[in-house]
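Subject: Aromatic pairs in the model

Hello,

Here is the structure we talked about. Please have it open while you read the notes below.

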Amino acid sequence: MSNIIMRYEDYLIHTKHASDNTVASYMRDLRQYASYLGSEGIDVLDADQDVVSGYMNSMKANGKSAATISRALASIKSLYIFAVQNREIEENPIHNIKIDKAEKKLPQILTGKEVELLLQQPKVTEMKGCRDKAMLEILYGCGLRASELVSLDMGCIDFAGGVVRVLGKGSRERFVPISGTAETALKAYAYGGSRAELSMKGKGSPAVFLNARGARMTRQAVHRIVAHAGEAVGIADLHPHMLRHSFATHMLEGGADLRAIQEMLGHSDISTTQIYTHVSRAHIREEYLSAHPRA
């Protein structure tokens with residue numbers, strides 16, 4: 001792999017403090033780009049606008065979607081911005097390249113009934129069931145990402161203040177309210193014996209959510225648990241982000257202020273949160289069409 005790409009990866013990890021997901025996504029795009037350049041006998045730092053356009057066209061010819069091409073271009077552009085800032089090259093070779101805009105898909109959300117069925121799924125009489133119940137309740141009740149959920153330490157939970165301290169993307173810290181069934185489920189898991197029993201199997205991890213070995217849960221494990229719970233109630237391909245989307249949409253439908261939802265989700269830009277206004281409208285229309293006798 002090109003030296004500039006390796007240094008850019010180091011920059012993302014240690015300077016930008018990008019999430020593991022972000023780093024992996026950028027590196028996947030850049031490795032594919034470097035492979036293409038290698039097959040053409042071109043160094044990454046020698047590529048010009050025509051070369052990058054050729055790569056975009058090759059992706060299109062290979063059936064890549066507009067979204068995939070757009071993401072790849074963003075990754076390549078950021079690499080060259082880094083190269084310009086470090087005086088490796090004089091100008092970004094792709095600042096004038098334009099591609100077809102990717103069609104924005106509305107996030108998938110669950111209905112209130114589906115959420116209710118899902119949260120009833122874990123067997124709270126069992127140690128792991130108690131943990132899984134708390135995980136599902138927090139994912140939906142606080143709108144956390146899976147990576148944020150597994151990074152929670154016991155010191156992040158403030159039951160007296162009714163908040164959870166969350167470390168989000170770019171190491172940005174935020175405080176998210178916790179109450180109701182999410183608070184009840186978390187207390188039952190954290191102080192009802194289940195977490196203590198799991199902790200005894202490990203080395204005293206400070207993590208809130210522990211696996212069978214007493215170590216911090218992984219993001220992949222959370223995805224599996226959520227998917228399994230979804231399958232049990234007939235929801236195919238359920239993933240943690242769908243619970244986050246549902247949290248935001250249901251909050252908006254319930255009258256919450258968009259700025260407040262932005263803060264709770266940890267979005268740096270309000271435009272990212274505004275997608276849920278479109279989801280809410282689409283959801284309301286679906287409810288109308290299914291329920292109104294003359295729709």
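Predicted model: local features only at pLDDT ≥ 70, side-chain atom pairs only at ≥ 80, totals over all residues.

The count of aromatic pairs comes to nine. The rule: rings of Phe, Tyr and Trp (its six-membered ring) pair if their centres lie within 6.5 Å; planes under 30 degrees apart are stacked, over 60 edge-to-face, the rest tilted.

Take Tyr11 and Phe82. Their ring centres are 5.0 Å apart and their planes meet at 35°, so this pair is tilted. It links distant parts of the chain: Tyr11 sits in helix 1 (residues 3-14) and Phe82 in helix 4 (residues 66-85), 71 residues apart. Helices here are DSSP runs (H or I, at least four residues), numbered from the N terminus. Tyr11 is partly exposed at 24% relative accessibility. Phe82 is buried at 7%. The cut-offs are under 20% relative accessible area for buried, over 50% for exposed, and partly exposed in between (1.4 Å probe, protein chains only).

Next, Tyr33 and Tyr80. This pair is edge-to-face, with 6.3 Å between centres and 90° between planes. Tyr33 is in helix 2 (residues 20-39) and Tyr80 in helix 4, 47 residues apart. Tyr33 is buried at 0%. Tyr80 is buried, also with a relative accessible area of 0%.

Ring pairs also join Tyr8, Tyr11, Tyr26 and Phe82 into a cluster.

Residues are numbered from 1 along each chain as its sequence is written, and side-chain values use heavy atoms, with hydrogens and water left out.

Best wishes

Terms used
Helix = DSSP H or I, 4+ residues; strand = E, 2+ residues; numbered from the N terminus.
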